[in-house]
Amino acid sequence: VPRIAVNVSALQLSRGDFIETLLMLLNRFPGAARELEIEITENMLLGNVDQGVATLNRIRSEGIAIAIDDFGTGFSSLSYLARLPIDFLKIDQSFIRGLGSEKIETSLVSTIIDLAHRLGHRVVAEGVESEDQKTLLEEMGCDEAQGYYYSKPLPAVEILPWLEKLS
């Protein structure tokens with residue numbers, strides 16, 4: 001079952017009623033929590049890390065996955081990353097563009113994948129556009145990938161037919 005990823009801003013996450021509102025909406029669709037992924041950027045919780053970690057723990061306790069989006073573009077802190085209760089680390093597409101042709105990007109992507117796995121997180125590569133990138137990421141142990149290689153953005157009416165072709 002594909003996950004539905006929703007970007008959440010720092011303002012939304014810090015609202016006192018965010019979790020209750022989220023759960024109220026999910027109650028309308030039984031089982032939807034396990035198909036939902038909340039995406040936050042790595043800079044989002046810098047103001048109050050303890051409160052952010054508590055909020056994310058509460059969200060995860062409801063069966064909702066948490067992902068750090070655009071990893072590598074902000075203030076990456078290893079101690080901060082180790083504290084966050086996340087399921088997925090999404091490597092920013094700026095690193096994927098140079099994969100294979102740029103030694104630094106290739107080394108960074110490989111290191112990020114290894115680090116994330118050692119911390120118990122799954123890794124998603126964003127912005128995959130070629131078979132070569134896909135193959136190299138698979139060789140590095142990347143868990144998932146997204147990008148134009150798989151599909152360009154689709155209008156809502158085309159999503160279900162596209163998903164049916166995959167099965």
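A helix, as I use the word here, is a DSSP run of H or I at least four residues long, and helices are numbered from the N terminus. By that count Ala 54 sits in helix α3. The model I am showing is a predicted one.

Let me stay with Ala 54 for a moment. Its relative accessible area is 46%, so Ala 54 is partly exposed, the class between 20% and 50%. What lies 31 residues from Ala 54 in sequence and 8.9 Å away in space? That is Pro 85, with the distance taken C-alpha to C-alpha.

Now to the packing of helix α3. Two packed helices are described by the angle between their axes and the distance between the axes. Helix α3 covers residues 49-61, and it packs with helix α2, residues 18-27, at an angle of about 15° with the axes 11 Å apart. An angle under 35 degrees counts as roughly parallel, so α2 is roughly parallel to α3. The crossing of these two helices is right-handed. On the α2 side the contact is made by Phe 18, Ile 19 and Leu 23, and on the α3 side by Thr 55, Arg 58 and Ile 59. By type, the residues of this contact are four nonpolar, one polar and one charged.

The crossing of α6 and α7 is right-handed. From α6, the residues that meet the partner helix are Thr 106, Val 109, Ser 110 and Ile 113; from α7 they are Leu 136, Leu 137 and Met 140. Here the division is five nonpolar, two polar and no charged.

Next, the core. How many residues does the largest nonpolar core have? It has 40, and Ile 38, Ile 59, Val 109 and Leu 137 are the ones with the most contacts inside it. Helix α2 gives the largest share of this core, with five residues. Some of those names have come up already: Ile 59 is in the contact of α2 with α3, while Val 109 and Leu 137 are in the contact of α6 with α7.

Ile 38 has its own list of partners. Setting aside neighbours within four places in sequence, Ile 38 is in contact with Val 6, Val 8, Leu 22, Ile 59, Ile 64, Ala 65, Ile 66 and Ala 67.

Is Glu 39 buried or exposed? Buried, because its relative accessible area is 5%, and the limit for buried is under 20%. Not counting residues up to four places away in sequence, Glu 39 touches Ala 5, Val 6, Asn 7, Val 8, Ala 67, Asp 69 and Lys 90.

One backbone point. Most residues other than glycine have a negative phi. Asp 70 has a positive phi, near 55°. Asp 70 lies in strand β3, residues 65-71, and at 26% relative accessible area it is partly exposed.

Last, Ile 159, which is in helix α8, residues 156-166. Ile 159 counts as partly exposed, at 36% relative accessibility. Asp 132 is 27 residues from Ile 159 along the chain, and their C-alpha atoms are separated by 26 Å.

That is the tour.

Terms used. Residues are numbered from 1 along each chain as its sequence is written. This is a predicted model: local features need pLDDT of at least 70, side-chain atom pairs count only at pLDDT 80 or more; totals for chains, interfaces and linings use all residues. Side-chain values use heavy atoms; hydrogens and water are left out. Axes are lines fitted to C-alpha atoms, for helices over the stretch in contact, and angles run from 0 to 180 degrees between N-to-C directions. Angles under 35 degrees count as roughly parallel, over 145 as roughly antiparallel, 65 to 115 as roughly perpendicular and the rest as oblique. A crossing is left-handed if the near helix is turned anticlockwise from the far one by less than a right angle, and right-handed if clockwise. Contact means heavy atoms within 4.5 Å. Ala, Val, Leu, Ile, Met, Phe, Trp, Tyr, Cys and Pro count as nonpolar, Asp, Glu, Lys and Arg as charged, and the others, Gly among them, as polar. Buried means under 20% relative accessible area, exposed over 50%, partly exposed in between (1.4 Å probe, protein chains only). A nonpolar core is a set of buried Ala, Val, Leu, Ile, Met, Phe, Trp, Tyr and Cys residues joined through side-chain atoms within 4.5 Å.
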